[in-house]
Amino acid sequence: MAKKTATTLRNEYRCCMELNQNNKYCVRVRVQFSRHRWALPVYFLASTFDAAVSKLEQALQFLQRSEDRLWFWGVDRSDDPMLSEEMLRDGGLRLDRRGEFPRHSERVAVAPEQSVPAFLIAPMRRGLAESMSSGRAAAAVAGD
């Protein structure tokens, strides 16, 4: 009897958090959408860690809901490359034009058109907090 191989499509979100020169939290998200096989790098700024995590959860939900619209207008059909950036701004995001992504990042994988469950955000929050505290410790040692 032949076994069925189920191909499960999942959107993968890689997230990292950094403090910029103005002591704002810069949260970068690189999304790999599986259905149309395309990637979207975005970022946003927040003033506190808690605000950054809260906005991250909102951003993930926005990207999940808007995948088809962003792909259609940003990649497939648009003659105006600024149109997808305007759509991202509606979600409080900006297009991240930086080429490299930090090695240490937190990952979440979610099936397309599903909302991101809260139980996936908690480990991500913990990982981002650990990376921020280790980054501060390294900066303090380098500053001495």
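This is a predicted model: local features need pLDDT of at least 70, side-chain atom pairs count only at pLDDT 80 or more; totals for chains, interfaces and linings use all residues.
Colleague: Why is D96 called buried?

Modeller: Its relative accessible area is 4%. Buried means under 20%, so D96 qualifies.

Colleague: What makes R28 and D96 a salt bridge?

Modeller: Their side chains meet at 2.7 Å, N to O. The cut-off is 4 Å between a side-chain nitrogen of Lys or Arg and a carboxyl oxygen of Asp or Glu, so the pair counts. R28 is buried too, like D96.

Colleague: Where in the chain do R28 and D96 sit?

Modeller: R28 is in strand β2. D96 lies in the loop between β4 (94–95) and β5. They are 68 residues apart, and the pair links distant parts of the chain.

Colleague: Why is R98 called partly exposed?

Modeller: R98 has 36% relative accessibility.

Colleague: What does R98 pair with?

Modeller: R98 forms a salt bridge with D96, with the closest N and O atoms 2.9 Å apart. That is within 4 Å, so this pair counts as well. Through shared partners, salt bridges join E18, R28, D96 and R98 into one network.

Colleague: How do you know that R35 and E113 form a salt bridge?

Modeller: Their closest N and O atoms are 3.4 Å apart. The limit is 4 Å, so they pass. R35 is in the loop between β2 and β3, and E113 is in the loop between β5 and α4. The two are 78 residues apart.

Colleague: How many salt bridges does the structure hold?

Modeller: The structure holds 7.

Colleague: Now the core. Which residues touch the most other members of the largest nonpolar core?

Modeller: M17, V29, L56, L60 and L63, out of 33 residues. Elements that each supply at least two residues include β1 (11–19), β2 (25–33), β3 (38–46) and α4 (118–143). α1 gives the most, with 8 residues.

Colleague: What is V29 in contact with, beyond its neighbours within four places in sequence?

Modeller: Among them are L56, L60 and L63. The contacts of V29 also include Y13, C15, L40, V42 and F101.

Colleague: Why do nonpolar side chains gather like this?

Modeller: In soluble globular proteins, nonpolar side chains tend to be buried together.

Notes: Residues are numbered from 1 along each chain as its sequence is written. Side-chain values use heavy atoms; hydrogens and water are left out. A nonpolar core is a set of buried Ala, Val, Leu, Ile, Met, Phe, Trp, Tyr and Cys residues joined through side-chain atoms within 4.5 Å. Buried means under 20% relative accessible area, exposed over 50%, partly exposed in between (1.4 Å probe, protein chains only). Helices (H or I, at least four residues) and strands (E, at least two) are DSSP runs, numbered from the N terminus. Contact means heavy atoms within 4.5 Å.
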